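Reader: I am new to this structure. Can you show me how to read it?
Author: Gladly. Take a look first.

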Amino acid sequence: MIQLQNIVKSYGPHLILQGVSMQVKKGEVCVLLGPSGGGKSTLLRTINGLETFESGEIRVGEIVLPPTGAAGRESALTQIRQRVGMVFQQFHLFPHRTVIQNVMEAPVHVLRRPVEEVRTQAMALLERVGLGHKQDVYPGSLSGGQQQRVAIARTLAMNPQAILFDEPTSALDPRMTAEVTAVMSDLARDGQTMIVVTHGLGFARAVGHTVHLLHAGTIAESGTPGEIFENPQTDVTRAFLSDLHKA
Amino acid sequence: MGFLKRCHRRRVPWNAAVSLRTDFSVLLVCCGLLFSAGHVDAGDGLAKVKQRGTLIWGADQEGGGPFIYPADDDPNRLVGFEVELAQLLAESLGVRSQFQQGQWDKLPDLMSRGDLDIVLNGYEWTPVRAERYGVSIPYYIYELQLLGRKDDPTFNSWNDLFEPPGGRKKRIAVLGGAAAEDYLRKHLGDRVEIALFEGVSDAMRGAELNVDGIDGNLQDLPIWTFYEPGFPKLKAIGDPVGRGFYVVLTRKDDTELLQAINTAIFEALQDGRLRRILSRYRIWNETQSLRGLETNLQGSFIGLPHARSEEPGETEEVDEETYVPVRGFGVIWQRGGLLAKAAGMTVLLAVTAMPLAILIGLLMALLRLYGPALARSLATIYVELIRGTPLVLQLYVLFFLLPEIGLKVNAFWAAVAGLALNYSAYEAEIYRAGLQAIPRGQMEAAQALGFSQWLALRRIIVPQATRLVIPPVTNDFIALFKDTAVCSVITVVELSKEYYIQARSTGAIVELGLLTALLYLAMSYPLSLLAGRLEKRLMTERRT
């Protein structure tokens with residue numbers, strides 16, 4: 001359902017993505033691993049247009065996203081963003097709106113759905129992430145784990161076909177990481193299509209269907225978690241895994 | 001020159017006026033107890049002038065021709081009949097004349113401070129001035145000339161003021177507090193509307209351009225004579241009226257200096273030198289042959305008892321010389337109402353202008369940060385241009401330039417527009433800082449949820465920035481209340497202007513000053529409280 005074809009991106013003379021191609025099927029949990037600076041967050045952010053790219057093509061379902069500057073990019077982005085949600089490392093909840101208002105904001109104002117219908121759905125989503133009792137507080141009073149669960153509910157309120165997770169647990173301590181990982185596992189079981197950039201090998205092993213290892217702007221190795229972790233084929237993968245184990 | 005402030009209905013003893021200035025700090029502590037304090041000067045003005053070798057005379061160049069104005073060919077050189085008269089007086093005393101610039105209505109204060117020896121700048125003889133200062137015999141007898149537009153068929157005589165054709169009252173421009181204003185109020189009451197201006201040529205320009213619905217101008221005759229070529233669309237209506245006298249002011253106790261000035265004027269009158277000077281500025285007329293030379297023992301001109309009986313409609317003795325002494329805090333009851341009313345205008349100006357300023361400022365900030373390249377440059381130019389030029393200039397341009405291109409703006413809306421434009425530049429910069437302080441992730445999160453940039457700004461970014469800018473915007477709002485004072489240049493009378501008018505006419509500088517300060521505080525302090533509460537309420541979002 002999501003296809004990336006030869007994505008190239010550079011910052012000045014630096015090639016950040018050197019022609020990356022990959023594919024994510026419906027219902028798949030795709031994990032992007034790799035050392036810092038390998039380009040995994042950048043790759044994720046090209047999918048919903050938060051990063052530009054110079055050449056290549058991204059397909060989300062039947063929508064084609066051309067490179068920056070090409071005709072039709074804006075309208076494609078509008079459609080993609082309404083279909084593909086995103087969860088950020090730093091949550092980025094709207095601090096001036098309550099928890100339930102955060103969840104309702106986009107369905108009401110972007111999709112123009114009826115307020116009452118959205119409120120019912122929003123309450124259900126908050127219950128699902130275990131925060132029904134926090135609906136009327138402001139995000140500032142929540143813990144990091146709670147904020148990230150609200151952010152996931154906010155994304156789910158748009159009924160996304162796929163969700164992009166950009167290091168969703170990197171700003172959290174282990175206990176809060178567990179809360180968030182539990183919610184994500186729950187989504188995976190329900191068949192939610194997800195692309196997850198993470199450093200959490202545990203999550204990749206337990207929940208991931210496919211793993212891509214990005215290094216220096218290219219995919220060094222792809223496979224199932226079992227293949228990648230038990231039987232790495234490239235030096236890059238082996239070095240990455242052994243660094244993680246040392247740390 | 002007829003800038004004469006409305007002073008001749010009330011009088012404050014000279015002692016009081018002096019003590020108000022010299023013992024100001026003491027007065028703040030025990031106000032009203034020191035009205036009998038002594039004089040500051042020993043009355044040795046003439047000796048000082050001779051010892052110094054210069055006669056320091058005060059005038060305001062802003063008043064313009066024919067009194068004193070920069071020469072056409074060399075703006076650094078001053079010309080005018082008063083400049084030449086000052087030279088003549090100094091020569092008679094055997095000294096050189098030295099000009100000292102001062103704001104017109106502050107000149108007597110400067111003289112009391114000892115900065116000037118004499119004031120020579122179109123000051124009209126009034127009983128109050130004669131009471132407070134030494135007043136010389138007249139060096140010019142002026143009259144008032146009614147002016148209207150040549151293309152106005154409904155305005156051809158004084159009678160058109162008394163019984164306006166079509167029943168619509170005429171709107172007449174005059175200098176605020178000038179003799180012309182008093183003349184109109186006394187003779188026409190509320191049968192005319194009066195628009196107050198601060199500069200003589202402003203009032204004529206206002207009449208010529210029909211600014212703010214102004215039909216005419218009651219102007220000092222010498223000024224009209226002098227400026228007539230510059231206002232081809234204006235015509236003189238009826239004969240001159242309201243005769244009065246321009247006199248030289250000295251400190252009250254400088255009787256020797258006053259006598260010497262009188263002698264000099266008298267001799268110049270006798271041998272024709274005064275006539276030559278006046279003729280040079282085309283302001284000599286037969287009226288000047290009528291001289292009022294009566295003085296009291298100190299040499300102070302005592303006025304002509306019948307000089308005013310020639311005014312039309314004048315049948316009985318002039319009653320304006322009846323004094324109602326105003327002392328202490330009683331003046332607050334008498335004039336407080338006027339100040340409170342003027343404070344209402346201040347509030348109205350500020351609360352109308354500020355929301356506009358915030359809206360325009362927000363728009364400019366958004367254009368500078370998110371607009372297309374051209375809009376960014378234009379918004380930047382707007383902010384720099386508005387922020388880099390004085391408010392008073394902007395008001396002046398709005399009020400006098402727009403009618404030139406056919407846009408009629410009345411004084412109130414010109415004032416609101418000027419204030420709103422001026423403050424919008426500052427609000428734009430405040431909002432720009434506020435918008436930039438919102439983390440980038442907020443916009444990204446909104447876009448990732450499908451928000452367009454405009455929707456994200458409206459729903460997510462601007463509301464958060466607004467919370468951040470409450471303190472600086474409140475600060476500006478309070479400042480705006482005080483900046484409304486500038487609007488008096490385009491005839492809007494607000495609190496400060498009313499204070500100056502009332503304080504000068506009563507001499508109750510401290511009492512009315514305290515009241516004015518209280519009124520300003522009564523506007524700004526509740527605003528601070530309100531902003532504080534609003535801020536607190538919005539900031540609770542971060543905690544609860």
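Author: We will go through a sheet, a hairpin, a helix pair and an interface. Keep in mind that this is a predicted model.

Reader: Where do I start with a sheet, and in which order do the six strands of chain A lie?

Author: Strands of a sheet pair through backbone hydrogen bonds, either parallel or antiparallel. Here the six strands form an open sheet in chain A, ordered β6-β7-β8-β3-β9-β10, with mixed pairing. On average, neighbouring strands are turned by 20° against each other, direction ignored.

Reader: In which sense do β3 and β9 of chain A pair?

Author: Parallel. Strand β3 (residues 29-33) and strand β9 (residues 210-215) of chain A are linked over four bridges. Within that pair, C30(A) stands opposite T210(A) of β9(A). A helix packs on this sheet too: α9 (residues 235-246) of chain A touches β3, β9 and β10 of chain A. The direction of α9 makes about 95° with that of β9(A).

Reader: What about antiparallel strands? How many bridges join β1 to β4 in chain A?

Author: Five bridges join β1 (residues 2-11) to β4 (residues 55-60) of chain A, and the two run antiparallel. V8(A) faces S55(A) of β4(A) there. β4(A) also runs antiparallel to β5 (residues 63-65) of chain A, with three bridges between them. In this pairing, R59(A) has V64(A) of β5(A) as its bridge partner. The hairpin of β4(A) and β5(A) has two residues between the strands, and G61(A) takes a positive phi near 60°.

Reader: Now helices. At what angle do α4 and α12 of chain B cross?

Author: Two packed helices are described by the angle between their axes and the distance between the axes. In chain B, the axes of α4 (residues 81-93) and α12 (residues 273-280) cross at roughly 160° and come within 9 Å. α4(B) and α12(B) are therefore roughly antiparallel, as angles over 145 degrees count that way. The crossing is right-handed. α4(B) contributes F81(B), E84(B), L85(B) and L88(B); α12(B) contributes R273(B), L274(B), I277(B), L278(B) and R280(B). By class, that contact has six nonpolar, no polar and three charged residues.

Reader: Last one. How much area is buried between chain A and chain B?

Author: The size of an interface is often given as the accessible area lost when the parts come together. Between chain A and chain B, about 2000 Å² is buried, and carbon and sulfur atoms give 59% of that. In chain A, R81(A), F94(A) and H96(A) lose the most area to chain B, together 29% of what that side buries. The contact involves 25 residues of chain A and 21 residues of chain B.

Notes: Residues numbered from 1 in each chain as written. Chains lettered and ligands numbered in written order. Predicted model: local features only at pLDDT ≥ 70, side-chain atom pairs only at ≥ 80, totals over all residues. Heavy atoms only, no water. Pairing = 2+ DSSP bridges. Axes fitted to C-alpha atoms, helices over the stretch in contact; angles between N-to-C directions. Contact = heavy atoms within 4.5 Å. Parallel < 35°, antiparallel > 145°, perpendicular 65-115°, else oblique. Left-handed = near helix turned anticlockwise from the far one by under 90°. Nonpolar A, V, L, I, M, F, W, Y, C, P; charged D, E, K, R; others polar. Buried area = accessible area lost by both parts, 1.4 Å probe.
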